[in-house]
Amino acid sequence: MVAASPLLSVGNLTVDYPSRTGLIRAVDGVSFSISAGSVLGVVGESGSGKSSVGFALMGLTDASKAVLGGTITFEGRDMLTLSRSAWRQLRGDRIAMVFQDAMATLNPVMRIGDQIGEVFRWHRPEMSRRAIRAACLELLERVGIKDAGRRIDSYPHQLSGGMRQRVVIAAAIALKPSLLIADEPTTALDVTVQAQILELMQTLCREQGTALILVSHDLDVVSDVCRDVVVMKDGVVVEAGPVDDVLMNPQHAYTQILLKARPGFGSGHMNTGAPHG
Amino acid sequence: MLKLLVSRFFYACVIILGVVLVVSSLVKLVPGDPVDVIAAGNPGMSVADMDRLRERMGLTRSIPEQFASYLGHAVQGDMGTSIRQGVPVTKLIAERLPATAELAFWALVLAFIFAIPLGIATALKRGSWLDYTGTFIAVLGVSTPGFLLAVLMILWFSIELRWLPASGYRGSALLAVGKAVVEGKFSVFWNAFRYFILPAISLAFVLIAVNARVIRSAMLEVLQQDFITFATAKGVPRLRIVLRHALRNALLPVVTLAGLQMGALLSGTVVIETVFAWPGIGRLAVDSIHVRDYPIIQAVVLVSAVLFIVLNLTVDILYRFIDPRVRDD
């Protein structure tokens, strides 16, 4: 891919949710881009519109009847003009998503092997059942699930939280998408497991050249993983740029407050210039 | 699994014991006994004759004594002899139960054939004209008495159009299914089944209304779950998501409902059985109450209780197959 044309570029994106009193603007003119294989962090508090951006990129705002505006260009295609079936073909294949709560993300009455296998079944119809099962086994091993041959027939409730998130990641990366969107992927996990899952996502994305958009409220996570960061507040991008620049030298008052709110950084060197209060 | 069965069997025995106790006490509390009824039909009977009859029927013994003797016989499969007909009660019930059970079966099948698509459609199209039509049907279904619907249908389909029989029962349609499939004799099935249609619809109408509502709300809840979003994010087609991911989860609470409805249908279709002259257990019970035929009344209640318990147990066992979370508990 030519360096000049990014994998994904978002221009002046708006997301409006209908309500009784009219449309509510959750995302208001957000622009950013991400090149192939890179990692971008989208940071903000809850309600900042960061998750709405993630859902808009997946074309998952249909259910809430949200109205999208602006442009989303992915692999040279204008996503907002795609038909339903074109979206369906992209989702899970070229763009994939990992969600916050893996327990809720997995269907409780379906074996995890079947849930991963669905990705192959609907995007690679030529694959036989046996080939799909073999591919699922391989994926489970790749995401670090021990005893995959037994686990493949487990139900979600039989796995630990970390293992469930690994299963979700396995399904997401199954077809080597060029973009993976992770919406607070570690928030619901124990601290010790968080690091493992982040590490796993980074490694897998690097291995298969998948670009990663990490949506998080957690600046530490983002600064560990991402090269670039977009800081959102009230549906607007308040700051964007390389992680080091933004976190070391925050220009916007909101970024400074976010930084200050981090545990363990109350009087650190990073928040010089932050307003006292 | 075995542990569950054993403990459930124990509970079932306790419940049945309680049911028998309550029913036999209630029957005794009602003024008048079978001898009074017999005497009313035979003006020549003297008071001495009546007392002798009471003695012979065991009605002079104390209630605990009668209870113990009844239980002792019942566990051996002897539920007594009908006072009026002089026939073993077990035989009477065995004659009547299949007709009721099969009517209940067809009513429930009918209820779900209509309720499942209706529930799914109204959930998917929430707030549309379809949803409002569904609500209308539900209100209509819940508020229309079965006997009224039954009479209206008889007037229209039997008397006016002459399409379906107005009443009666011509043997099992389920057993005729085999014949129809194997020997290609569809007419054999139809000749039995057409008697089921009107009573089954009369029973099913309210169930369609209730079940469609329950399925609708269960679907709405499930469709909001994250795993539905995840399935969409995987690129799974919408129809497949609705049927495989959503419906499977939404039907879990409905299984319990179906068990309870089957129980209710098995024991209490008195009105519809009366309207359609259906030789079922409900009519047997009512007829027996009129003539104070104690053994039959007790047996009908006992059989209903046992059926309820068996159905509940079946639902519990079924849950272990359809919900893996229950299986591991």
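Me: Of the 329 residues of chain B, what percentage count as buried?
Reply: Keep in mind that this is a predicted model. A residue counts as buried when its relative accessible area is under 20%. Chain B has 329 residues, and the share of them that count as buried is 42%.

Me: How many helices and how many strands does chain B have?
Reply: Let's take its outline first: along the principal axes, the C-alpha atoms of chain B fill a box of roughly 85 × 55 × 45 Å. As for what's inside, the count for chain B is 0 strands and 15 helices.

Me: What ipTM does the predictor give the complex?
Reply: The predictor gives two scores for the complex here. The pTM is 0.83, and the ipTM is 0.88.

Me: Is B:Ala40 buried or exposed?
Reply: B:Ala40 sits in helix α2 of chain B. Its C-alpha atom is 49 Å from that of B:Gly178, a residue 138 positions away along the chain. The cut-off for exposed is over 50%. B:Ala40 has a relative accessibility of 65%, so the label is exposed.

Me: How many salt bridges does a search of the whole structure find?
Reply: Side chains of opposite charge can pair when their charged atoms come close. Over all chains, the search comes up with 21 salt bridges.

Me: How many residues apart are A:Lys50 and A:Glu184?
Reply: These two side chains form a salt bridge, at 3.5 Å from N to O. A:Lys50 is in helix α1 (residues 50–58) of chain A, while A:Glu184 is in the loop between β7 (179–183) and α8 (191–208), so the pair links distant parts of the chain, 134 residues apart.

Me: Are A:Lys50 and A:Glu184 buried or exposed?
Reply: The test here is a relative accessible area under 20% for buried and over 50% for exposed. For A:Lys50 and A:Glu184, the answer is that both are buried.

Me: Why does the salt bridge of B:Lys234 and A:Glu118 join two chains?
Reply: In this pair, the closest N and O atoms are 3.0 Å apart. B:Lys234 lies in the loop between α10 and α11 (238–267) of chain B, and A:Glu118 lies in helix α4 (residues 112–123) of chain A, so the bridge joins two chains. Both B:Lys234 and A:Glu118 are buried. The two chains joined by the pair are B and A.

Me: Which residue meets A:Arg150 in a salt bridge?
Reply: A:Arg150 counts as exposed because its relative accessibility is 53%. Its side chain meets a partner at 2.7 Å, N to O, and that partner is A:Asp147.

Me: What is the phi of A:Asp147, about?
Reply: A:Asp147 lies in the loop between α5 (129–142) and α6 (148–151) of chain A. With 44% relative accessibility, it counts as partly exposed. It isn't a glycine, yet its phi is positive, at about 60°.

Me: Where does A:Asn12 lie?
Reply: A:Asn12 also has a positive phi in a residue other than glycine, near 50°. Its place is in chain A, in strand β1 (residues 8–19).

Me: Which helix gives the largest share of the nonpolar patch?
Reply: The patch covers about 610 Å² and is made by B:Phe147, B:Leu148, B:Val151, B:Leu152, B:Leu155, B:Ile159 and B:Val271. B:Val271 lies in helix α12 (residues 270–275) of chain B, and counts as partly exposed because its relative accessibility is 45%. The largest share, 6 residues, comes from chain B's helix α7 (residues 146–160).

Definitions and conventions:
Residues numbered from 1 in each chain as written. Chains lettered and ligands numbered in written order. Predicted model: local features only at pLDDT ≥ 70, side-chain atom pairs only at ≥ 80, totals over all residues. Heavy atoms only, no water. Salt bridge = Lys/Arg side-chain N within 4 Å of Asp/Glu carboxyl O. Helix = DSSP H or I, 4+ residues; strand = E, 2+ residues; numbered from the N terminus. Buried < 20%, exposed > 50% of the residue type's maximum accessible area, 1.4 Å probe, protein only. Patch = residues over 30% accessible without salt bridge, like charges linked within 9 Å, V, L, I, M, F, W, Y side chains within 5 Å. Areas by Shrake-Rupley, 256 points an atom, 1.4 Å probe, with all protein chains shown as cover.
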